[in-house]
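Hello,

Here is the structure I promised to pass on to you. Please open it alongside this email, and then read on for what turned up in it.

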Amino acid sequence: MLSSHSYHWYQYALFPFLRPDRNRLSQQLNNKTILITGASYGIGETLVAMLSGMNIHLILVARTQEKLSQLKQQIEPHVASCQIFAVDLTQQDRTERLINEVKQRYGGIDILINNAGKSICRSIADSTDRLHDFQRTMALNYFAPVQLCMGLLPQLKQNQGQIINISAVNVLLAPAPYWAAYQASKSAFDQWFRCAEPELQVSGVQLTSIYLPLVNTRMIQPTYANKSVPAISAPQAAEIICRAIQTRKPCFKPLWTIFGQLGSVIFNRWWVMGCAHYLKRKV
Ligand SMILES: NC(=O)c1ccc[n+]([C@@H]2O[C@H](COP(=O)([O-])OP(=O)(O)OC[C@H]3O[C@@H](n4cnc5c(N)ncnc54)[C@H](OP(=O)(O)O)[C@@H]3O)[C@@H](O)[C@H]2O)c1
């Protein structure tokens, strides 16, 4: 259910005050159909719990069947309907089947939330025999959302719908060492999305990019386990998504990214030199 969560001050600094108006959102979403990828864990799972209690039709997609079934059991009494699809979105034929099934079962889609994602933090030196790292991140973070957007476009057009891309602040800032696979794939979809925005707007489909800072989910565990890093919580991220649904604004990013973007341009050479210096000392 949509409930009030409290946050630390630094979490507000990372992504300030963006709470949805619950009653308005609930009215706005009445009888709407929302497809959420990556619904089984982390931000997606929290978002689903937050939307529960509303008269909506949910289509939940992820790989883990048991987790999806559990979620369905929990929320089904509190939503209009909930369908789950255990699909590996990196498999293009499976994604195609998902699109066809959704088209057959639902006349139109109101909101598509491209949230499923895979992150890898690995040096180039450790990746020389791991081309699959780059293929897998591109398959999930780039090709899968492109395929879903294209496949479901007629349904979204029909309902003057909205597509939300869950992106990362990293794509707006100077590229960081060890993140080549993740950042390249997230940037690729970000570019696709921004190119598509005016074209789709003409046909009444609203595109929204949400650039999140670190979020405390299982995604960051392998990199930051036992380290104290400034991160927002999954409920805070889910509230930002709810706010994006409510307002249909094109872009959500923390204010500080403006300085980060400016710094990335002005100090780019120094940034690269600083990173190289740090890595040299580390080795
Ligand atoms: N966490 C962060 O710091 C952070 C920061 C900025 C942006 N983001 C973005 O936020 C989104 C959600 O991340 P999260 O933090 O919630 O991560 P998470 O807890 O790891 O959840 C990722 C979701 O994607 C699903 N998924 C992974 N591989 C899949 C595949 N091949 N096919 C279908 N579904 C798949 C997972 O479910 P299954 O394992 O069941 O398939 C899971 O539901 C991602 O797009 C991520 O890039 C995260």
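Here is something to start with: is Phe143 buried, partly exposed or exposed? Keep in mind as you look that this is a predicted model. Phe143 has a relative accessible area of 43%, and since buried means under 20% and exposed over 50%, Phe143 counts as partly exposed. Tyr142, with 18% relative accessibility, falls under the 20% limit and therefore counts as buried.

Those two residues also meet through their rings. Searching the whole structure gives five aromatic pairs, and Tyr142 with Phe143 is one of them. Their ring centres are 4.9 Å apart and the planes stand at 65 degrees; an angle over 60 counts as edge-to-face, so that is what this pair is.

For another pair, please go to helix H7, where Phe189 and Phe193 sit four residues apart, which means about one helical turn separates them. Here the ring centres are 5.4 Å apart with planes at 40 degrees, so this pair is tilted. Both residues are buried: Phe189 has 2% relative accessibility, and Phe193 has a relative accessible area of 1%. Trp192 joins in as well, because ring pairs link Phe189, Trp192 and Phe193 into a cluster.

Now to the strands. What lies on either side of strand E6 (residues 206-212)? Gln206, Thr208, Ile210 and Leu212 point one way, while Leu207, Ser209 and Tyr211 point the other way, and all of them are buried. With seven of its seven residues buried, E6 is largely enclosed by the rest of the structure.

E6 has pairing partners that you can trace on screen. Strand E5 (residues 162-168) runs parallel to E6, and seven bridges connect the two.

Which residue lies over the face of its ring? That residue is Arg218, at 3.9 Å from the ring centre.

Enjoy exploring, and do write back with any questions.

Best wishes

Technical notes: Residues are numbered from 1 along each chain as its sequence is written. This is a predicted model: local features need pLDDT of at least 70, side-chain atom pairs count only at pLDDT 80 or more; totals for chains, interfaces and linings use all residues. Side-chain values use heavy atoms; hydrogens and water are left out. Buried means under 20% relative accessible area, exposed over 50%, partly exposed in between (1.4 Å probe, protein chains only). Two strands pair if DSSP finds at least two bridges between them. Rings of Phe, Tyr and Trp (its six-membered ring) pair if their centres lie within 6.5 Å; planes under 30 degrees apart count as stacked, over 60 as edge-to-face and the rest as tilted. A charge sits over a ring if NZ of Lys or CZ of Arg is within 6 Å of the ring centre and within 35 degrees of the ring normal.
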